[in-house]
Amino acid sequence: MTMATTRIVLPPALLLDISSTRRQHGVKLEALARYQRLTNYLAAAQVYLKDNFLLKEPLHPAHIKDRLLGHWGTCPGINLMYAHLNRLICQHDLDMFLVTGPGHGAPANLANLYLEGSLQDYYPALTRDAAGLGELVKLFSWPGGFPSHLYPGVPGTIHEGGELGYALATAFGAVMDNPDLIVACIVGDGEAETGPTATAWHSYKFLDPKESGAVLPLLHLNGYKISNPTIYGTMSDDELNHLFTGFGWQVRIVGNNGDLDADLYASLDWSYGEIRRIQQAARTQQPIPQPRWPLLIVRSPKGMTGIATMDGKPITGSYRSHQVPGKDLQKNPAHLAAVETWLRSYRIEELLDDQGRPNPEILDQCPQGARRMGSNPHTFGGKILRPLVLPKLTDYAVPVTPHGACQRGQSHTSSVSAVAQYLQAVIQQNDQTFRIFCPDELVSNLLGSVLDVTQRNYQWPTQPEDEGIGPDGGRVIEVLSEHTCQAFLQGYLLTGRHGLFPSYEAFLGIVTTMMDQYAKFLKMSGDFPWRLPVASLNYLETSTLWRQEHNGFSHQSPGFINAVLNKKAKVTRVYLPPDANCLISTMDHCLRSKNYVNLVIANKQPLPQWLSMPEAVAHCRAGASVWPWASTDEGVNPDVVLVGIGDNTTLEVMAAAHILRQEFPQLRVRVVNVTDLLVLEEDTEHPHGLDHTLFAALFTPDRPVIINFHGYPSVVKYLLFNRPHQERFHINGYQEEGTTTTPFDMNVRNGTSRYHLIQQAIRLASLHNPHVAVQANERISHYTYVLRDHRRYIQEHGSDPEDVTHWQWC
């Protein structure tokens with residue numbers, strides 16, 4: 001494709017004959033209206049009632065929940081759209097489910113899931129009769145019941161909506177490589193103000209209509225947030241049309257003609273026709289250039305069908321309907337009477353029989369079986385998880401000679417470049433079930449060789465000289481929005497596929513709260529046996545702080561480790577492989593794993609290679625091990641233990657051990673490497689943690705231990721908190737000291753350099769080794785001057801000295 005240079009001529013404004021829709025489909029529209037009366041009642045009742053669920057008697061304060069929680073204002077709009085989407089599914093036998101951005105509208109989702117029977121499939125007590133209806137209403141925002149937003153305990157859910165902003169991108173991730181799937185996505189006008197949503201409007205540019213399904217966005221404009229108008233709610237139709245047409249959508253604004261139901265009915269028919277037209281063209285080798293997918297902007301009064309006014313102030317159509325109108329019902333008779341009048345206005349006695357069962361006409365509005373949106377198989381990703389076909393590790397081993405200590409560390413290889421060769425095979429063998437989502441850093445992070453077997457998937461025109469990008473089946477999506485990458489990946493994983501998220505270390509923290517929400521989703525999913533495990537969310541964190549000396553202080557931040565470790569032990573894993581073979585082994589393990597958030601940290605620059613592939617596999621399985629060939633007398637009876645955690649900090653440990661063995665052989669050193677960070681924690685706290693016996697065997701029971709860690713020292717202190725004799729552990733790491741400088745100076749500034757380690761080792765060993773003690777002062781003074789000379793050298797030459805840059809093991 002070539003870059004478009006001519007102005008795109010837009011089609012004339014879309015005009016639908018709404019009155020004709022009412023005439024032709026009036027009976028169906030009346031049935032949909034009655035269905036919505038019941039879902040609106042159920043949504044409101046969930047917010048208020050703990051008894052008298054069918055209003056068989058006058059409403060009393062004793063019938064009202066003590067704590068009124070939830071959000072009413074968005075519920076009628078969700079019910080409107082859910083009902084009409086059900087109609088579309090039934091009419092066309094669609095494979096469709098719903099992603100709800102305004103997740104606090106859970107009462108609406110629950111009401112619909114209850115009527116369609118999806119809730120009863122997983123909660124047998126929620127029968128479609130008086131008893132089940134009462135149980136549903138009471139359980140909302142009740143201890144041990146349903147929270148006020150969506151969560152994994154609600155079938156059909158792949159997005160909670162607790163944190164606003166990425167419902168739309170999650171929906172797009174779900175339809176990738178699912179050609180028959182349509183995901184409807186309700187985007188609230190409050191959520192539409194967020195940065196992640198602003199980028200997500202461009203997601204269709206990464207969607208190949210030949211190989212993937214479609215997303216139907218429904219931008220719900222009810223005008224208000226908690227206490228303010230929304231930006232989009234204050235915009236005119238012309239402004240909205242210009243904005244979203246500029247984004248590339250074909251826009252229809254619903255709700256301006258006084259017949260909201262008929263308007264939405266006709267608009268959904270039009271939308272479905274446009275989706276199929278675009279897909280059919282692509283799938284018959286006649287793709288439409290720059291297709292304009294349909295977008296519906298649904299205007300409806302906030303809290304419609306609710307209380308019009310209260311205490312002389314408007315409720316419906318204002319921010320006052322956002323949460324709970326009239327929260328003092330137990331003490332305010334006037335407010336109680338207003339709510340009772342409201343609830344009775346739905347006339348549920350016309351919609352339910354005397355046993356509290358919905359009339360057959362109500363249930364007829366719902367799809368059946370797997371076509372129900374709450375029972376769509378894609379929303380239970382673990383049930384349809386397609387396993388990856390992974391290549392043999394030995395085919396991608398980096399050569400390392402394990403015989404003789406002096407043969408190790410001689411070759412320098414980029415671990416990330418090496419794992420890219422492995423990922424090539426993963427892509428080739430899983431061309432419909434594996435994707436890489438990356439914020440425009442694939443080549444920069446030395447993973448660009450995967451583009452030898454695939455390309456970046458991008459559907460919009462590019463220049464002929466733009467390499468590695470195009471519209472045909474690429475397994476890589478690059479967009480400079482970490483939020484969008486994360487949301488794409490979440491949607492992809494939760495619908496039964498696999499993926500990888502590589503990123504610069506410093507900027508992975510942008511998605512910290514998204515990772516937090518996803519980890520909570522996985523943790524809660526474990527409480528429901530029908531939520532089968534899905535493929536793990538795998539981060540590859542590279543371009544790490546230790547080699548961001550050229551970009552400066554702003555690019556030096558390892559804090560994402562801390563965020564991951566704050567999550568539950570059953571969900572999170574952190575790996576710091578010391579070389580290429582360990583990284584390949586770790587990546588293989590992570591891609592095979594399920595239901596974890598895996599953080600893998602590896603520097604992209606060439607570094608010494610220490611372990612053969614069989615050794616690397618054994619080391620990674622153990623999580624930590626003594627490297628006897630790097631230790632004095634194979635690590636037996638050491639004066640001090642040197643521990644490397646992270647590839648760059650391990651290099652400094654190895655250099656320190658090497659110098660000590662040559663210059664100070666009286667000081668006995670054991671070298672330990674930790675690749676699985678969580679082995680440091682007690683086995684009672686984390687399943688990977690070492691018990692006290694194995695921990696003492698690895699680190700000795702009583703010798704001083706110097707830990708050179710990749711990230712903030714506080715991480716290791718936290719993990720070691722319950723270990724005995726903590727005073728013997730001396731932890732180095734990133735101390736928030738950085739600037740534009742040389743690579744080795746980053747270690748010097750943060751006290752992780754080989755010379756700092758040597759000084760520490762001498763001080764600690766001198767306490768119990770008299771042969772070390774007699775030389776301690778002179779040796780420590782010597783390395784103090786070495787560090788001073790280093791500072792002068794880099795100031796004069798602008799680079800590190802050769803004894804650092806050309807250092808070799810042995």
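Colleague: Which residue is the bridge partner of Val640 in β20?

Modeller: In this predicted model, Val669 of β20 is the bridge partner of Val640.

Colleague: What makes β19 and β20 a pair, and in which sense do they run?

Modeller: Two strands pair if at least two bridges are found between them. β19 and β20 have 5 bridges. They therefore count as paired, and the sense is parallel.

Colleague: How do you know that β18 and β20 pair, and in which sense?

Modeller: The cut-off is at least two bridges. β18 and β20 are joined by 3, in the antiparallel sense. Ala624 has Val674 of β20 as its bridge partner.

Colleague: What about β21 and β22: how many bridges, and which sense?

Modeller: There are 4 bridges between β22 and strand β21 (residues 705-709), and the pairing is parallel. Opposite Val705 stands Phe729 in β22.

Colleague: What is the strand order of the open sheet, and what is its pairing called?

Modeller: The 5 strands follow the order β18-β20-β19-β21-β22. The pairing is called mixed. β18 and β20 are antiparallel, whereas β19 and β20 are parallel.

Colleague: Why do β18 and β22 stand at the edges?

Modeller: Each has a single partner strand, so one side of β18 (624-626) and one side of β22 (729-732) lack a neighbour in the sheet. On average, neighbouring strands of this sheet are turned by 20° against each other, direction ignored.

Colleague: Why is β20 said to be largely enclosed?

Modeller: Buried means under 20% relative accessible area. In strand β20 (residues 669-674), 6 of the 6 residues are buried, so the rest of the structure largely encloses this strand.

Colleague: Which residues show that both faces of β20 are covered?

Modeller: In a regular strand, side chains alternate between the two faces of the sheet. On one side of β20 sit Val669, Val671 and Asn673. Arg670, Val672 and Val674 are on the other. All of these are buried.

Colleague: What do β19, helix α19 and β20 make together?

Modeller: They make a right-handed β-α-β unit, with α19 spanning residues 647-663.

Colleague: Which strands does helix α23 lie across?

Modeller: Helix α23 (residues 754-765) lies across β19 (640-645), β21 and β22. It runs at about 165° to β21.

Colleague: Which residues in α23 and α25 meet?

Modeller: On the α23 side, they are Tyr755, His756, Ile758, Gln759, Ile762 and Arg763. They meet Ala776, Arg779, Ile780, Tyr783, Thr784, Val786 and Leu787 in α25.

Colleague: How do you know how α1 and α10 are oriented to each other?

Modeller: The axes of helix α1 (residues 18-48) and α10 cross at roughly 150° and come within 10 Å. The cut-off for roughly antiparallel is over 145 degrees. α1 and α10 are therefore roughly antiparallel. This crossing is left-handed. In α1, Tyr41, Ala44, Ala45 and Tyr48 meet Val339, Trp342 and Leu343 in α10.

Colleague: Where is Glu634, in which loop?

Modeller: Glu634 is in the loop between β18 and β19. Its phi is near 60°, again positive in a residue other than glycine. With a relative accessible area of 59%, Glu634 is exposed.

Methods: Residues are numbered from 1 along each chain as its sequence is written. This is a predicted model: local features need pLDDT of at least 70, side-chain atom pairs count only at pLDDT 80 or more; totals for chains, interfaces and linings use all residues. Side-chain values use heavy atoms; hydrogens and water are left out. Helices (H or I, at least four residues) and strands (E, at least two) are DSSP runs, numbered from the N terminus. Axes are lines fitted to C-alpha atoms, for helices over the stretch in contact, and angles run from 0 to 180 degrees between N-to-C directions. Contact means heavy atoms within 4.5 Å. Buried means under 20% relative accessible area, exposed over 50%, partly exposed in between (1.4 Å probe, protein chains only). A crossover is right-handed if, with the strands pointing away from the viewer, the path from the first strand over the helix to the second runs clockwise. Angles under 35 degrees count as roughly parallel, over 145 as roughly antiparallel, 65 to 115 as roughly perpendicular and the rest as oblique. A crossing is left-handed if the near helix is turned anticlockwise from the far one by less than a right angle, and right-handed if clockwise.
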